[in-house]
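Student: I would like to go through a structure slowly with you, one question at a time. Could we begin by looking at it together?

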Amino acid sequence: MKEDCSLFFSYILQEFSLYIFKQKAAMLRFYILLTFAVNIQANSQLLPGSCNFESNTCGYTSDADFMSWTLQKDGRFVTVEAAVNEDQEDYIGSGADPQQEIIGVLLSPRLEHGEWSCLRLVYQITEPGSLEVLQRTEGNSFDRPLWSSRLPSDSWVVSSIDLQNNTEPYRVVIEGKPGSSKGSSVAIFEIHISPGYCLECDFEESHLCGYNNQWNANVNWYVGGGGVQVLHNAMPNDHTYNNGSGHFMYVDSIYGKTFKEVAKLVSPMTQVPMSGCLSFQYQRSEIGNLFSVFTRDQLGQYQELWRAGLENQNDWTEIPGEWIPVQVDLKAPYSVQVVFEVAFNSPRGGRVALDDISFSSQFCTTDTEPTFDPSIANCDFESGFCLYTQEQAKESPWRRVSVKPNIFRNGDHTTGAGSFLLAHSRLGPRSGYVSRLISPTLAGNMKYCLTFYFSLRGFNQTDQALAVYLLHANGSQEKIWTQAERSRGIWIAADVTFQTSQSAKVVFVSTCRSFWDCGSVALDDISVSLGDCELVAGLLSSLLPGRCDFEAGLCGYTQDKKSDAADWERRRGATPTSYTGPRGDHTAGLGYYLHLEASPMLPGQNARLMSRTVRGTRGRHCVSFFYHMYGSGTGQLNVRINKYGKEELLWQRSGEQSIAWLKAQVEYQCHSQHQIVFEAIRGSSIRSDIAIDDVILEGGPCPEMGISTTVGTSNEIE
């Protein structure tokens, strides 16, 4: 009878846990479940910057230029809300102008964490809203984004954010944006900063380091230990303390009903590139299951890292009840999650337990190949062919050419005045030849993103104009991309994701079969990165927070409605007036740019675009951008700095400049907050369009462009 009651009690607890997981499947991070189940005391060392907001804000302050975060006296958390009650008096900082944008900026005290650390944020977004965590370093014009979320929830959610080792002091910036509807809010319950990587966990804290069970109707990961037995069979001691009071994660097949029931325990998403040795401890009571470890990227793609011994193997070494150590190399050049997955064949599949996950920046073995640096295949052709080669003895070579800015010939993509590669010139082609450009060798067993820019002119058979192949180490070739766009005479961006099982080279091939079908094909700005191109694009945008390519909007830039006569227009493709303006944007050729349409304006009228506020620093600042000034009546483009309503001219161009996009870099100094203003002034005629694209605002001196226009021949694309 006693055994039956015990089984019944275990069943009730198990079913209750399943109910909780099912109700909170989308957002639950075990936080609520463990609060009800056990009282776990934190044993990790907390670093400065940690705060539970029980009695004060631990040095966190509101930025006075934005709405204030409110310290809740009863709830013991801080919040920023769309509608603030009048009787709330305990604010962090000064009050906000009710006409301001609904945004609250919370600043941490000055932090000096020289070693890698992990910030765990317990937060809640009610109704539409967003929360973003950034890092502010003195001397940088913009804060570096670390993490963000727009997902509303009806409970507290845990997020884990890696803080890389930093030799300079910094502040954590927490930016909350509640929705405009009444009752919308963004709240923070706790901030924990602990030494080590966010992947690491001994499962002793209530937040479980942000690890999340991916709910399944029959089998799930649970917290074991703590002196609580929730199953009919005896639970092991944990590995951390080797007793029944410590905690670990486990999954049991007792409720498995169908073939290969799967339970998944998912780590927090890494926020920065990481490579090293992932270690953990596990044990299995039976071998009727499949225990594997994967990485999963933001696109949901899996890659297996490790698999436990199979039951049909003769070298079975696992001893039931003993913890088995595992070390596996992890190479994550982009954001991934680590997934611990157990698949059961039947209800007799046994149990798998997991404990003490750790990570080291050193690989597990000394003979592990380091993470391959694909930048060896990057080239903008400004100083030569880089590491690219040609078989010039057998084939017609690609030629490196350049052109000075003018209104007849299109320049290169890099700056508009630099060098690029050209094949199949009409000045002297012979039919039936091929041009091949061969990259340096890329390491095998990796996924790559290849990006480049090409421009076609005069081709009738565009699929023969340009193709990209992989030349494998065994001599075989594989086509991974071919050109399908019609000849447009503009620079068009292309990206290709590919994976190699062995070392390989990338080969750019252009074929000319007859004089009448051939034109010219140009190539520039080749770049190779690790990972899927979709992931690489997201990583690059986070590394350049002051960049705007106008593909998704104005990036915080605003039209100056008070001091101008017209607006900058966001456009793609050619401008409506012939013989003026660009035929495509600079970013991708087929994307968006901003331009001044002169047709409805009078001579001398202007359009002004103002950046968001740039934080002043003691050092230099750099604003770089591409501009397009083509047309017989082109007016003037000015770049100004606005400091508290007083403006100063930084850069200016007047009149027609080139048919190509040209790069400009402007270096300046400013110790106080300011804005950058782009002002376009309409010229004498309707052929006075002016355009800008790919604006970057950043701290530090401008890099040298190093452009030489004396190499090669004239541009033959146009």
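Tutor: Let us start with a definition: a charge sits over a ring if NZ of Lys or CZ of Arg is within 6 Å of the ring centre and within 35 degrees of the ring normal. Please keep in mind that this is a predicted model, in which local features need pLDDT of at least 70 and side-chain atom pairs count only at pLDDT 80 or more, while totals for chains, interfaces and linings use all residues. Residues are numbered from 1 along each chain as its sequence is written, and side-chain values use heavy atoms, with hydrogens and water left out.

Student: Over which ring does the charged end of Arg 570 sit?
Tutor: The definition asks for CZ of an Arg within 6 Å of the ring centre and within 35 degrees of the ring normal. The charged end of Arg 570 is 3.8 Å from the centre of the ring in question, and that ring belongs to Tyr 592.

Student: And how far is the charged end of Lys 331 from the centre of the ring of Phe 363?
Tutor: For a Lys the atom to look at is NZ. The charged end of Lys 331 sits over the ring of Phe 363, and its distance from the ring centre is 5.6 Å.

Student: How many helices and how many strands does the chain have?
Tutor: Both are DSSP runs numbered from the N terminus, where helices are H or I with at least four residues and strands are E with at least two. Counted in this way, the chain has 41 strands, and its helices number four.

Student: What percentage of the residues of the chain count as buried?
Tutor: Buried means under 20% relative accessible area, whereas exposed means over 50% and partly exposed lies in between, with a 1.4 Å probe and protein chains only. The chain has 718 residues, and the share of them that counts as buried is 53%.

Student: Why does Ser 184 count as buried?
Tutor: Ser 184 is placed in the loop between β10 (170-178) and β11 (185-195). Ser 184 is buried because its relative accessible area is 1%.

Student: Which backbone oxygen lies 3.3 Å from a polar atom of the side chain of Ser 184?
Tutor: Leaving aside neighbours within four places in sequence, Ser 184 is in contact (heavy atoms within 4.5 Å) with several residues, including Glu 81, Ala 82, Thr 126 and Glu 127. The C-alpha atoms of Ser 184 and Glu 127 are separated by 5.2 Å, although these residues are 57 apart along the chain. The backbone oxygen at 3.3 Å from the side chain of Ser 184 is that of Thr 126.

Student: Which backbone nitrogen does the side chain of Ser 439 reach?
Tutor: Ser 439 lies in the loop between β24 (433-438) and β25, and Ser 439 is buried, with a relative accessible area of 3%. Apart from neighbours within four places in sequence, its contacts are Leu 387, Tyr 388, Lys 505 and Val 506. At 2.8 Å, the side chain of Ser 439 reaches the backbone nitrogen of Val 506.

Student: How many residues of strand β30 are buried?
Tutor: Strand β30 covers residues 520-530, which is eleven residues, and it is largely enclosed by the rest of the structure because the buried ones among them number nine.

Student: How many bridges join strand β25 to β30?
Tutor: Two strands pair if DSSP finds at least two bridges between them. Strand β23 (residues 419-423) pairs with β30 in the antiparallel sense over three bridges, and there Leu 422 stands opposite Ala 522. Strand β25 (residues 446-457) also runs antiparallel to β30, with Leu 456 and Val 521 as bridge partners, and the number of bridges between β25 and β30 is nine.

Student: Why is the pair of Phe 280 and Phe 340 called edge-to-face?
Tutor: Rings of Phe, Tyr and Trp (its six-membered ring) pair if their centres lie within 6.5 Å, and planes under 30 degrees apart count as stacked, over 60 as edge-to-face and the rest as tilted. A search of the whole structure finds 34 aromatic pairs. The centres of Phe 280 and Phe 340 are 5.3 Å apart, and the pair is edge-to-face because the angle between the planes is 85°.

Student: Where in the chain is Asp 694, which has a positive phi although it is not a glycine?
Tutor: The phi of Asp 694 is about 50°, and at 8% relative accessibility Asp 694 counts as buried. The place of Asp 694 is in strand β41 (residues 690-699).

Notes
Polar contact = N/O pair within 3.5 Å; in protein donor to acceptor, adjacent residues only side chain to side chain.
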